[in-house]
Amino acid sequence: MGINQDGKEGSLILLKQGAEARVFESTFVGMRSIVKERFSKKYRHPSLDAKLTLKRLNAEARCVAKARCLGVSTPVLYALDPVLHTLTFEYVEGPAVKEIFLDFGLNGVNQELMNDVAAQIGYTIGKLHDGGLIHGDLTTSNMLLQNGTNQLVLIDFGLSFMSTLPEDKAVDLYVLERALLSMHSSCGNVMDQILAAYRKSSKQWSSTWNKLAQVRQRGRKRTMVG
Amino acid sequence: MKVFEVDGSALSLALFTDVMNSNELLDAMQSATLEPEVAFLNASLVPDVFPVLVAAHKTLLAKSRETLTTRTLHSELVYNYSGSKHISESLKRCGISKDSTYVLVARFDASLDEMKSIEKLINGKEIDLEELEGRANQAQIQKHYKISGLELGISSLANAITCRIAARDAL
């Protein structure tokens, strides 16, 4: 049982393919939607594969729900299909922050917009971390700016997990820092603005900041335990 | 009364207020003598049609895979409207009780005659679905679905309910 792609009503148009999932555009009860299909990894043992895929699917749905509870804007989850391993989300109209920043790099920086976006990023991540949720893949392509409201929307909670450790929060921020440095260094120092906003919204700022300094020194995911 | 298309099937919805015979409706439904079969939803928990359509989608999917959790298609719709996996608790909360006066009626693939006979069954006044938003009990919805004020800042009540309906089985 696969997903049909023959161009009729309720069919899917492939938008992107990543390492873990394919993203399609479709309609759900008349609303424009995104269908994320986690595909099975053929190299895994089938029973393990089925369990793992389902576990990751449920974890992602839970994390999206948890993020919303914390006041973080995410696309609305419309449906979860455990048989087809798909999640159906609201289609958020608007560019990814990555595109906006790349545009800044090419055509000059709109400082007002830049400040607003950076502040929203910092504020949003602060709320997320304070709630004990780590995004796991903080890059500018996982942040959308909604048309009209200019509201920041976080997507792709496929690598998210619950943690209150400052180490995990610091690594989350570090991933974002590296991504910004590699892709958007022409935009100036965005990370400082983001961290300033994060500091204002997060109540556990000092422990996270100390850890971030440590993580920067050594690179991530390396404990000092011999 | 309005008909919505959900996955190739039609869902007819009608909203009634000042319903006097919910006692009888409840008995008829529970003894399986209700003809034709309908779903009775507690309309004060419905701020908008969309979450009902999401629950309907889930219901039709379960039916097509023969994985219904409750006994009938229409009781499944009521069960799926809940944010809780507890079946009897969900049916009690999202369905009607003996003293319900504000009811949303739903039926899948209903013919015009069937909808007319349903209207006759209900001793109440039919009102427009547009009134759902104004008559919804926000406090009750927030309590039942455990929606924080923080969440309402970034989302509508209908979207918050939709998320919970969709993610229920993953929680």
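## Lining of the second largest pocket

The lining of the second largest pocket divides into 17 nonpolar, twelve charged and six polar residues. The model is predicted. The pocket holds about 960 Å³ of space. Of its 35 lining residues, the closest to the centre are A:Lys16, A:Val23, A:Ser141, A:Asn142 and A:Ile155.

Several elements of chain A each supply at least two residues of this lining. The strands are S1 (13-17), S2 (21-28), S3 (31-38) and S5 (86-90). The helices are H1 (46-69) and H2 (97-107). Which element gives the most to the lining? S3(A) does, with four residues.

## Contact between chains A and B

Chain B brings 22 residues to the contact, and chain A brings 21 residues. Together the two chains bury about 1800 Å². Carbon and sulfur atoms account for 68% of that area. On the chain B side, B:Arg65, B:Ile154 and B:Ala170 supply 30% of the area buried against chain A, more than any other three residues. The size of an interface is often given as the accessible area lost when the parts come together.

Polar links are also present. Four residue pairs are in polar contact between chain B and chain A, with both residues at pLDDT 80 or more. The count of salt bridges between these chains is two. One of them joins the side chains of A:Asp81 and B:Arg65, at 2.7 Å from N to O. B:Arg65 is also among the three residues named above for buried area.

## The chain B side

Which elements of chain B each supply at least two residues of the side that touches chain A? They are strand S1 (2-6), helix H2 (49-64), helix H8 (149-154) and helix H9 (157-167). H9(B) provides the largest share, seven residues.

By residue class, this side of chain B has 13 nonpolar, five polar and four charged residues.

## Salt bridges

Over all chains, the structure holds 19 salt bridges. Side chains of opposite charge can pair when their charged atoms come close. One such bridge lies within chain A: the side chains of A:Arg218 and A:Glu167 meet at 2.9 Å, N to O.

What does this pair tie together? A:Arg218 lies in helix H6 (residues 205-218) of chain A, and A:Glu167 lies in helix H4 (residues 166-183) of chain A, so the pair ties together parts that are 51 residues apart in sequence.

Conventions: Residues are numbered from 1 along each chain as its sequence is written. Chains are lettered from A and ligands numbered from 1 in the order in which they are written. This is a predicted model: local features need pLDDT of at least 70, side-chain atom pairs count only at pLDDT 80 or more; totals for chains, interfaces and linings use all residues. Side-chain values use heavy atoms; hydrogens and water are left out. Contact means heavy atoms within 4.5 Å. Buried area is the accessible area (1.4 Å probe) that two parts lose on being put together, summed over both. A salt bridge is a side-chain nitrogen of Lys or Arg within 4 Å of a carboxyl oxygen of Asp or Glu. A polar contact is a pair of N or O atoms within 3.5 Å; within protein, one must be able to donate a hydrogen and the other to accept it, and residues adjacent in sequence count only if both atoms are side-chain atoms. Ala, Val, Leu, Ile, Met, Phe, Trp, Tyr, Cys and Pro count as nonpolar, Asp, Glu, Lys and Arg as charged, and the others, Gly among them, as polar. On a 1 Å grid over the protein atoms alone, a cavity is a set of points where a 1.4 Å probe fits but cannot get out, and a pocket is an open set with protein on both sides within 12 Å along at least five of seven lines; lining residues have an atom within 4 Å of a point. Grid points are joined across faces, edges and corners, and a volume is the space filled by probe spheres set on the points.
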